[in-house]
Amino acid sequence: MGGKEQRRGLEYWWIIRLFSLLVCFDRVSAQIRYSIQEGVKEGFTVGNVAKDLGLDVSTLKERRFRIVSGSNDALFQVNQNNGVLYVSNTIDREELCDNVVCLINLKLVVENPLEIHYVGVEIADINDNSPTFPEKEQHFEIAEHTAIGTRFQLHAARDPDTAAHSVRSYKLSRDDNFEIDFRKGDEDNIPFLVLKKPLDRESKQTHRLLLTAIDGGNPPKSGSLNISITVLDSNDNRPVFSQDTYVITLQENTAPGTIVLRVNATDLDEALNGEIEYALGKTLKRRVYDIFQLDKITGEISVKGQVDFEDTEVFKLDVQATDKGQPPLAAESRVVIKIQDVNDNKPEIEITSLLNLVPEDSKPGTVIALISVTDRDSGPNGKVTVNLSENVGFELKPSIQENMYSLVTKARLDREETYFYDITITASDLGQPPLFASRILNVQVSDVNDNAPEFPQNPLELYLMENNGPGASILSVSATDKDLNENAAISYNLVRGDGLQHDMSAFLNVNSDNGNIYALKSFDFETMKTFKFHVVATDSGTPPLSSNVTVNVYILDQNDNAPVILYPINTNGSAECIEEVPRNVNPGYLVSKVRAYDADIGYNGWLLFSLQEITDHTLFSLDRYTGQVRTLRSFTETDEAQHKMIILIKDNGNTSLSATATVIVHVVEPKEAFAASNTKNTVTSEDDNNVTFYLIITLGSVSGLFLISIIVLIVMQCSKPSDYTSKYLQDTNYDGTLCHSIQYRSGDKRYMLVGPRMSIGSTIVPGSNGNTLVVPDRRSRASCEVRVQNNSMFFLTLSETD
């Protein structure tokens with residue numbers, strides 16, 4: 001017989017499988033239903049789900065083919081090698097389901113792309129349980145004058161199998177006085193013992209019967225109940241209930257001890273025959289006795305345990321009223337207690353995370369997780385709405401199945417803006433007041449190479465002192481990349497030019513790792529004053545991204561040129577001359593004028609004259625700035641006829657460079673001096689005119705260029721916004737001014753005598769105020785005025801306001 005049932009179950013399974021193959025389903029969600037019998041062995045094949053769903057079996061393991069539904073999925077497993085759904089644990093239908101149809105819903109997921117399939121497995125019942133009675137024996141005491149047709153309720157047998165295999169019939173052992181009858185109950189038939197012939201206690205005081213319950217299995221199974229009947233003398237009035245059926249509504253979660261209802265029965269008899277005791281029927285489910293209790297004296301039904309609508313919505317109690325007569329008479333009534341649902345269950349959120357690490361270039365609509373919500377309440381209390389925290393870049397997409405959602409990206413992600421999301425999923429029901437539940441899903445955004453390196457400033461300005469050491473670092477550039485790891489690993493390279501005259505990249509080198517730039521040669525201010533080059537920063541992403549920066553280099557002058565004497569100079573190249581002075585000249589007479597120039601600029605090219613050696617300090621004076629030699633007094637008879645002066649010409653660099661000229665003065669009589677003067681002027685007038693002309697052109701050009709540079713730099717500095725913030729290169733040593741100066745104050749103005757000099761080792765960095773004249777004690781506003789004096793000196797007037 002067991003083999004036939006097994007074969008019948010397989011036939012059902014094949015019918016269901018063929019039917020499921022005829023039903024159309026899409027890639028996102030499909031419903032397939034199988035049927036198996038309970039009690040099959042572990043490993044029993046339910047069906048080839050992959051084949052029925054049209055999935056490629058060879059890709060199941062790669063696509064993580066699996067069951068992701070609730071606790072019942074422990075009964076089944078899928079084989080990722082062949083797509084077979086098989087039984088993994090012994091299935092007991094009676095333990096698993098209370099309903100007539102026992103259907104287990106499974107949710108199967110495959111990834112890349114994501115597909116969700118729903119599979120139903122119906123558990124078919126087999127006749128594996130025999131009918132059982134709540135007690136082995138039932139005893140009745142029946143008065144002998146009990147009327148024919150009187151019914152006595154018997155214990156009903158219970159069979160946990162389904163209707164086809166549950167109790168179908170009862171059989172009573174043969175007895176002349178009794179027969180069996182049935183009353184249709186809510187779930188099954190309730191047997192009654194019916195008196196068909198009057199009792200005679202004198203002829204037979206005790207009756208023993210056997211009640212057999214038979215189920216509908218093949219072969220059928222049975223259970224038996226022993227019935228003993230004691231015949232009593234008459235108590236001729238039964239208790240009578242005020243209602244045949246009591247119906248009442250009770251809210252769930254009612255506190256224990258609360259009185260639900262009071263049943264009332266009356267008996268016309270007196271004394272013990274009229275005293276009534278109440279009792280609950282003995283055929284009720286065990287849960288009824290755990291939740292309710294009946295006071296046998298008052299008939300009050302009160303709450304004993306936890307009343308939960310989600311467990312049982314309606315309770316049906318059989319109440320029996322029995323008098324104390326001999327024999328006692330009884331009556332039955334039905335109490336129906338309808339449980340009213342209250343909103344006492346919070347929604348439950350289940351999250352199946354598919355992607356914990358989301359690339360920032362994921363397209364909108366990428367599925368991150370599957371979310372299902374449930375609420376055990378009913379009606380509006382069980383209706384659930386789901387929301388996400390605001391401004392998270394994600395949204396919920398409802399599924400075709402109720403209360404199922406997909407969490408997807410709503411827009412493009414940007415890891416540099418937000419690299420981590422705490423997504424709060426909130427579910428609320430529609431009860432009054434509503435109940436809430438929330439879950440937090442952590443999603444991390446992974447990096448892609450979508451940001452090119454950035455330089456903090458472009459272009460950069462480098463002020464480099466001439467005569468720099470070859471191979472020394474002159475600048476360090478640094479770029480930043482908002483990406484991570486190899487996408488942010490930056491290497492630096494120089495943009496090599498075409499090798500033309502102004503291309504200096506061949507004389508530079510850059511450290512590709514740290515951006516340090518080295519000069520391969522020494523630069524000379526007198527031959528080149530400015531040039532520019534380009535540095536490219538490239539990250540290590542795939543594909544790599546890059547950006548470049550332009551570096552403008554300004555060569556600063558250094559005092560590396562000694563003064564060159566233009567006059568006096570002999571034909572042999574020595575700086576020496578002989579001047580003849582009449583003895584009768586007045587004080588202030590111009591004896592000679594030393595002329596010199598310096599290829600440097602500013603203070604480095606500003607020359608000062610001084611007497612290094614002289615035979616008579618009382619006779620001659622030397623102008624410090626013009627180099628003019630004049631007499632201090634008239635000559636006397638005692639003065640020597642020849643005087644020698646060694647004049648020192650030095651510049652104003654930090655380390656001064658100098659040259660010397662020798663002037664020999666011969667004091668002659670007026671006639672001799674006049675003759676010599678005519679001869680000398682005739683020979684040298686043309687040469688002196690040429691030298692003077694060239695000297696004027698040279699000094700005028702140098703001074704003019706310097707003046708224009710200073711004015712342009714001051715205008716640029718004054719045009720910058722007041723909140724301009726400079727960014728300095730590293731390892732710079734700037735003393736705050738472009739030049740040495742002499743300052744004095746008059747009223748609200750300060751005056752500064754400026755000479756273009758840089759201290760040795762000073763560096764003016766890009767973006768600083770080093771290209772203007774800076775007063776250390778800065779005020780909020782300043783107006784400036786520049787005036788030129790002596791072709792190489794400047795006066796700067798600063799007007800300050802607080």
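Figure 1. R64 is partly exposed, with a relative accessibility of 42%, whereas E111 is buried at 10%. Here buried means under 20% relative accessible area, exposed means over 50%, and partly exposed lies in between (1.4 Å probe, protein chains only). The model is predicted: local features need pLDDT of at least 70, side-chain atom pairs count only at pLDDT 80 or more, and totals for chains, interfaces and linings use all residues. Residues are numbered from 1 along each chain as its sequence is written, and side-chain values use heavy atoms, with hydrogens and water left out. Side chains of opposite charge can pair when their charged atoms come close. The side chains of E111 and R64 meet in a salt bridge of 3.3 Å, N to O (a side-chain nitrogen of Lys or Arg within 4 Å of a carboxyl oxygen of Asp or Glu). E111 lies in the loop between strand 6 (103-110) and strand 7 (115-124), and R64 in the loop between helix 2 (49-53) and strand 3 (66-67), so the pair ties together parts that are 47 residues apart in sequence. Helices (H or I, at least four residues) and strands (E, at least two) are DSSP runs, numbered from the N terminus. R64 and E111 also belong to a network of salt bridges with R66.

**Figure 2. The salt bridge between R334 and D318.** The side chains of these residues, R334 and D318, meet at 2.7 Å, N to O. The pair links distant parts of the chain, with R334 in strand 23 (residues 330-340) and D318 in strand 22 (residues 314-323), 16 residues apart. R334 is buried at 18% relative accessibility, and D318 is buried at 11%.

**Figure 3. The salt bridge between R583 and E669.** In this salt bridge the N to O distance between the side chains of R583 and E669 is 3.7 Å. R583 lies in the loop between strand 40 (576-582) and strand 41 (590-593), and E669 in the loop between strand 47 (658-668) and helix 5, so the pair ties together parts that are 86 residues apart in sequence. R583 is buried at 16% relative accessibility, whereas E669 is partly exposed at 43%. The count for the structure comes to 19 salt bridges.

**Figure 4. The aromatic pair of F140 and F152.** The whole structure holds twelve aromatic pairs; rings of Phe, Tyr and Trp (its six-membered ring) pair if their centres lie within 6.5 Å, and planes under 30 degrees apart count as stacked, over 60 as edge-to-face and the rest as tilted. F140 and F152 form an edge-to-face pair, 5.8 Å centre to centre, with 65 degrees between the planes. F140 is in strand 8 (residues 137-143) and F152 in strand 9 (residues 151-153), twelve residues apart. F140 is buried, with a relative accessible area of 11%, and F152 is buried at 12%.

**Figure 5. Charged ends over rings.** The charged end of R151 sits over the ring of F192, 4.5 Å from its centre. The charged end of K521 sits over the ring of F507, at 4.8 Å from its centre. A charge sits over a ring if NZ of Lys or CZ of Arg is within 6 Å of the ring centre and within 35 degrees of the ring normal.

Figure 6. A265 lies in strand 18 (residues 265-266) and is buried at 7% relative accessibility. Leaving aside neighbours within four places in sequence, A265 is in contact (heavy atoms within 4.5 Å) with P239, V240, F241, I276, Y278 and A321.
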